Amino acid sequence: ILGGDEENLPLTRLVQHDLWLNQHPKDCSNARFLMADWFSQQTPTSIGVGSELVFLSAMFSMAVMQKRVLVTKAYHGANHSGCLGLDHARWSCYFVPEASSECIARALELSSQKEPWDQGLLVNFDHNHGWTVPRLWGEPWKRIEPSVELDGVLMADVNGNNERRWWRAQVFRYLMRFRSEYLCNLLNVARNEAFGEAAARLILKNYPQGNWNSNNHSSHSESPMEANLWSSYGPWIPRPLVSIHVRQGDKNIDMEVHPFKDYMKLAMRLRKKFPHINRVWLSTEMQNVIDESKEYEGWNFFFTDIKRQVGATRMAEYMASLGKRKNFENSYVNLLMAADCDFFVGVLGSTWSYAIDCLRMTSGKVKAGFLTVNPVNYLLR
């Protein structure tokens with residue numbers, strides 16, 4: 001967990017500690033399990049990656065309240081040629097496994113037998129449990145300081161939803177607390193494509209013309225300061241960096257869709273307070289948004305190189321056109337890049353913006369705030 005306790009949601013460090021203990025019992029042979037389903041993208045009622053995580057938070061709540069270890073079933077998002085070996089069709093293709101390897105192995109072994117189900121050693125999610133939030137830590141959501149602004153007003157309780165918002169953020173943080181080597185490589189490629197040239201120019205600028213020696217530079221050995229202290233700084237990205245997530249397309253079904261200029265008005269608000277801001281990580285499914293970004297002089301926009309929607313297309317159709325591997329790779333790269341930015345402008349009615357905010361609120365950025373163009377949609381309440 002990055003930052004001080006006041007820079008994260010209340011009790012984040014304690015809850016993360018307790019969730020880890022729940023998922024890593026000393027003796028898996030005596031553990032009980034909740035087998036968590038993933039909602040397939042291939043059904044007529046398909047949902048997005050963010051929505052799947054929201055549903056998973058309800059399953060995690062039931063597991064914690066019943067003192068069960070949550071183990072996910074085969075993950076369709078990892079059922080492709082990029083996820084190999086034991087990570088194929090598993091959550092661990094992208095992030096650290098949800099539970100200890102011993103518990104996952106035992107749960108999967110028992111799940112193929114009838115008797116453990118009959119004995120209650122394993123259960124599926126009971127939809128009667130609904131969206132109940134565990135009370136093991138009291139009611140810390142009542143101490144959440146307002147950090148979301150809509151139409152110039154701070155939302156004290158986001159549509160009466162701070163309870164679930166707090167819990168979902170804890171679940172998102174736990175499940176995505178460490179990225180896999182596979183996902184790290186994807187992020188490195190994305191950073192290099194977006195920021196590589198800018199980084200190279202900065203490096204060359206620090207060397208007097210004619211004195212650059214690539215051989216000497218490549219053989220440079222790390223100093224103790226670099227190895228022991230500076231290594232925790234992570235990969236370079238240009239800062240300050242604003243994340244803007246624009247959701248349009250078929251989302252008008254359950255929320256008010258806004259044009260890109262409305263998002264940029266909020267970005268301009270940031271610039272009034274922080275005049276040195278001029279860089280944006282832009283995530284969107286719409287090609288028109290990428291095109292419109294070129295009209296804003298004085299701003300530098302960075303984004304992944306991927307085919308985007310032209311015109312009104314159902315999200316399920318667009319995701320299918322990308323192919324499973326490309327869709328999920330691009331989704332998680334954009335999610336983590338957005339969460340790592342210094343400021344956030346988005347659309348609270350979008351589950352993906354909601355997911356970005358959840359990760360930011362548990363990684364030291366809760367006080368940076370969230371400027372949104374619309375409120376939570378009915379699906380997130």
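Predicted model: local features only at pLDDT ≥ 70, side-chain atom pairs only at ≥ 80, totals over all residues.
Which elements do the buried residues of α5 pack against?

Helix α5 covers residues 162-175, and its 14 residues reach 20 Å from the first C-alpha to the last, which is close to the 20 Å expected at 1.5 Å a residue. Twelve of those 14 residues are buried, so α5 is largely enclosed by the rest of the structure; among the buried ones are Trp 166, Trp 167, Phe 172 and Tyr 174. As for the question, the buried residues of α5 pack against α1 (12-23), α2 (49-65), β4 (148-150) and α13.

Two packed helices are described by the angle between their axes and the distance between the axes. The axes of α12 (residues 324-339) and α13 (residues 351-361) come within 9 Å and cross at roughly 50 degrees, and that angle makes α12 oblique to α13. The crossing is right-handed, and its residues divide into eight nonpolar, one polar and one charged.

Now, what is the angle at which α6 and α12 pack? For helix α6 (residues 181-205) and α12 it is about 70 degrees, with the axes 10 Å apart, and the two helices are therefore roughly perpendicular to each other. On the α6 side the contact includes Tyr 182, Leu 186 and Phe 195, while on the α12 side it includes Arg 325, Tyr 332 and Met 337. The residues of this contact divide into ten nonpolar, no polar and three charged.

Finally, notice Leu 336 of α12, which takes part in the contact with α13 and is also listed in the contact with α6.

Notes. Residues numbered from 1 in each chain as written. Heavy atoms only, no water. Axes fitted to C-alpha atoms, helices over the stretch in contact; angles between N-to-C directions. Helix = DSSP H or I, 4+ residues; strand = E, 2+ residues; numbered from the N terminus. Parallel < 35°, antiparallel > 145°, perpendicular 65-115°, else oblique. Left-handed = near helix turned anticlockwise from the far one by under 90°. Contact = heavy atoms within 4.5 Å. Nonpolar A, V, L, I, M, F, W, Y, C, P; charged D, E, K, R; others polar. Expected span 1.5 Å × (residues − 1). Buried < 20%, exposed > 50% of the residue type's maximum accessible area, 1.4 Å probe, protein only.
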